[in-house]
Amino acid sequence: MDFTDVSLTSLRVFRAVAERGSFTAAALSLGYTQSAVSRQIASIERAAGAELLERRRDGVRLTAPGRVVMRRATVVLDATARELSGLPESDGTVRLGWLPSAGASLVPEALAALRSTDPGLRVISREGTTPALARALRAGNIDLALLASAPPFRAPDDESPPLALQTLTERSLCLAVPAEHPLARLDFVDVVDLRGQHWIAGPSAGEERLMGVWPGLDERPEIVHTARDWLAKLRLVAAGCGLTTVSRSLASAAPPGVRILEVRGGPQELRRLSLARLPQPPAEPVLRLAAALRAAALGTEPDLTA
């Protein structure tokens with residue numbers, strides 16, 4: 001395929017569709033109409049002389065030719081971005097994707113350590129959901145991803161070959177409670193005490209579970225506030241607006257006015273944080289970043305009694 005026949009706009013749209021998993025989601029992220037996205041995809045498929053995206057009822061997936069084009073498109077787009085920004089070529093650059101909960105503590109700790117131990121390593125990072133980051137890995141747009149899963153800990157996607165996964169942490173889900181709330185006086189919360197509470201949850205989406213409400217609650221939850229950002233959720237908790245669930249790793253990032261408590265009396269709610277990459281042998285800079293993330297994950301366990 002001759003990339004001189006394809007515009008940068010078509011390449012950007014193609015990458016967005018591959019990462020987002022649908023024409024609609026890509027259009028929303030780019031600020032385009034869905035018909036404009038469809039035209040750009042048709043243009044790049046004509047230039048390739050092959051179907052690059054498999055259209056499915058649940059979205060789209062890259063075909064084998066699509067994966068080849070995506071790798072080339074990523075090289076072209078990244079090189080163009082570097083030239084426009086005046087950045088030099090760098091063999092020590094790693095692209096990292098991370099979940100919001102990992103970005104609150106683990107990622108900053110690992111990057112701070114790298115600045116002193118490996119100052120030549122350049123890390124470019126971005127936030128995303130587990131499904132979106134898995135697609136970005138497949139598309140070749142990131143090198144490593146921090147992904148979350150809950151029991152029974154299935155693979156992040158059903159593509160072949162499977163992503164290479166390494167478990168960094170496996171911890172219990174916790175509860176964020178306003179410091180003035182009656183539950184905050186307890187050493188832990190019993191699951192029966194969660195009935196009738198007000199909840200601060202993340203927006204519901206097809207690719208995500210309802211985040212913020214205790215799983216398995218035996219009643220329809222009363223959701224009083226909806227927020228995607230973890231800091232916004234925790235500040236709403238501090239303001240006394242309701243309760244929300246949090247990863248144990250967020251305990252150290254909780255603002256004043258919030259207590260992080262364990263929940264007992266029901267099935268243990270575990271959350272696993274894994275480091276994911278494509279199965280082929282990684283480059284040396286990727287290995288160095290992975291080692292820093294593992295070291296940060298092995299840091300001191302948050303003290304929930306503080």
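**Entry 1. A buried pair**

I began with R271 and E269, both of which are buried. I noted that the model is a predicted one. The side chains of R271 and E269 form a salt bridge, with 3.4 Å from N to O. I recalled the general principle that side chains of opposite charge can pair when their charged atoms come close.

**Entry 2. Salt bridges in the whole structure**

I then asked how many salt bridges a search of the whole structure finds. The search returns 13 salt bridges. Among the residues involved, R61, D158 and E159 are joined in a network of salt bridges.

**Entry 3. D118 and R288**

I looked up the partner of D118 and found a salt bridge with R288, in which the closest N and O atoms are 2.4 Å apart. D118 belongs to the loop between α6 and β4 (122–127), whereas R288 belongs to helix α9 (residues 284–297), so this pair ties together parts that are 170 residues apart in sequence. Is D118 buried or exposed? D118 has a relative accessibility of 16%, and it counts as buried because the cut-off is under 20%. R288, with a relative accessible area of 28%, is partly exposed.

**Entry 4. R272 and E170**

I next examined R272 and E170, whose side chains meet in a salt bridge of 2.8 Å, N to O. R272 is in strand β13 (residues 270–277) and E170 is in strand β6 (residues 164–178), so the pair ties together parts that are 102 residues apart in sequence. I recorded R272 as partly exposed, at 22% relative accessibility. E170 is also partly exposed, with a relative accessible area of 38%.

**Entry 5. Helix α2**

Which residues of helix α2 (residues 23–30) are buried? I found F23, A26 and A27. They cover an arc of only 100 degrees around the axis, which puts them on the same side of α2. I set beside this the general rule that an α-helix has 3.6 residues a turn, so residues three or four places apart point the same way. The buried residues of α2 pack against α1 (8–20), α3 (34–48), β1 (53–56) and β2 (59–62). After α2 comes G31, and I noted that the phi of G31 is positive, near 80 degrees.

**Entry 6. S105**

Finally, I located S105 in the loop between α5 (100–103) and α6 (106–117). What does S105 contact, leaving aside its neighbours within four places in sequence? S105 is in contact with S249 and S252.

Methods. Residues are numbered from 1 along each chain as its sequence is written. This is a predicted model: local features need pLDDT of at least 70, side-chain atom pairs count only at pLDDT 80 or more; totals for chains, interfaces and linings use all residues. Side-chain values use heavy atoms; hydrogens and water are left out. Helices (H or I, at least four residues) and strands (E, at least two) are DSSP runs, numbered from the N terminus. Contact means heavy atoms within 4.5 Å. A salt bridge is a side-chain nitrogen of Lys or Arg within 4 Å of a carboxyl oxygen of Asp or Glu. Buried means under 20% relative accessible area, exposed over 50%, partly exposed in between (1.4 Å probe, protein chains only). The arc is that of the directions from the helix axis to the C-beta atoms.
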